[in-house]
Amino acid sequence: MSITPLAAVPSARRPAPLFRGRIGRDARSGHYAVPHRYRLHLSTASPDGLRLAVGHSLLGLGGSCPVTLLPPVPDHPGGGHSALRPLYEASAHHYTGPALAPVLGDDWSGRIVSTHTPGILRDLDRLRHDGRARLYPAGLESVIEAVERMCAEGIEEAAQRAGRAGADPDERAGALDVLLDTLGRLERRLSEEEYLADGRLTAADIELWVSLVQLDTVHRCHLDASAVHRIAGHRALWGYARRLAAHPAFGRHLDLDGIARRHHGRCQGLEAAGAAVQILDWASHAAGSPDTSRR
């Protein structure tokens with residue numbers, strides 16, 4: 001699959017991660033791949049937390065890498081979680097910033113390995129030991145990275161700019177064009193294939209599915225009804241989103257109430273007419289309910 005990056009769109013504005021440790025292949029790395037050493041701390045109400053929860057389930061890591069679920073709305077100023085402060089303070093001397101999630105922690109040392117979601121997901125791929133399919137198959141890395149850029153820039157950032165209150169109308173229209181162009185390119189791909197890369201579930205599908213969840217449950221609220229109807233017109237794309245929602249590794253982590261609470265707690269934008277035009281009935285399509293058994 002060839003996906004051209006959206007060169008005309010600025011890079012996605014995700015905060016630079018504070019910790020970017022990696023799990024290596026042997027003891028010389030400091031952090032090496034071994035069962036029962038690492039723990040994920042995340043909230044499935046956040047996009048990055050949802051990505052990691054889905055990947056963790058697809059890889060079958062429940063028995064070797066436990067997950068601590070955090071509340072949808074952070075309980076500490078600056079968007080941090082008080083439950084994570086001991087990890088941050090043990091990992092950075094005199095740390096005063098917010099204790100943000102998600103976090104991959106090292107239970108052996110009580111310190112943080114990484115807060116960088118793409119790196120964490122790649123490292124989780126190294127932890128599996130039962131022969132399950134990889135999220136990053138050999139030879140598909142460039143395809144997956146291209147999808148990650150498309151989702152970050154052409155869907156998430158473009159949707160934010162298209163619904164930004166007070167923005168110039170031309171700027172909003174331009175951002176909507178970028179969003180629709182990206183969705184159109186993905187629509188054409190998914191009209192012919194079940195998945196984005198090599199006919200199998202990969203990290204590319206996790207990335208796109210979470211972006212579509214955000215588009216319908218968060219960004220749609222700030223778009224006008226006409227824009228939402230145009231977005232909803234991509235039948236193959238939303239059929240794909242509905243199909244993945246029915247997959248247990250995806251749908252069981254979909255915390256719609258938590259996403260709404262997190263959005264209302266963070267958002268300062270104005271609600272638009274598109275808020276009333278739901279694209280998918282996620283609750284009816286999702287397999288199971290948010291998993292709280294691993295707290």
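The largest nonpolar core in this predicted model has 73 residues, and the ones with the most contacts inside it are Leu124, Leu208 and Trp209. By nonpolar core I mean a set of buried Ala, Val, Leu, Ile, Met, Phe, Trp, Tyr and Cys residues joined through side-chain atoms within 4.5 Å. Buried is under 20% relative accessible area, exposed is over 50%, and partly exposed is in between, with a 1.4 Å probe and protein chains only. Contact is heavy atoms within 4.5 Å.

Take Leu124. Leaving aside neighbours within four places in sequence, Leu124 is in contact with Leu40, Leu52, Leu59, Leu61 and Cys65. There is also a second, separate core of 10 residues, which includes Tyr88, Ala92, Tyr95 and Ala99.

Two notes on conventions. Residues are numbered from 1 along each chain as its sequence is written. Local features need pLDDT of at least 70, side-chain atom pairs count only at pLDDT 80 or more, and totals for chains, interfaces and linings use all residues, while side-chain values use heavy atoms, with hydrogens and water left out.

Now the chain overall. The secondary structure comes to 11 helices and four strands, taken as DSSP runs numbered from the N terminus, with helices being H or I of at least four residues and strands E of at least two. Of the 295 residues, 53% count as buried. Among contacts with a separation of 6 or more, 74% are between residues 24 or more positions apart.

Next, a helix pair. The axes of α4, residues 141–162, and α5, residues 169–190, come within 8 Å and cross at roughly 145°. Those axes are lines fitted to C-alpha atoms over the stretch in contact, and angles run from 0 to 180 degrees between N-to-C directions. On the α4 side the contact includes Met150, Gly154 and Ile155; on the α5 side, Arg172, Ala175 and Leu176 are among the residues met. The residues of this contact divide into 11 nonpolar, two polar and three charged. Here nonpolar is Ala, Val, Leu, Ile, Met, Phe, Trp, Tyr, Cys and Pro, charged is Asp, Glu, Lys and Arg, and polar is the others, Gly among them.

Helix α6, residues 203–217, is mostly covered: 15 of its 15 residues are buried.

Last, Leu84, in the loop between β2 and α2. Why does Leu84 count as buried? Because its relative accessibility is 0%. Beyond four places in sequence, Leu84 is in contact with His41, Leu70, Ala99, Leu100, Ala101 and Val103. The C-alpha atoms of Leu84 and Pro98, 14 residues apart along the chain, are separated by 9.2 Å.
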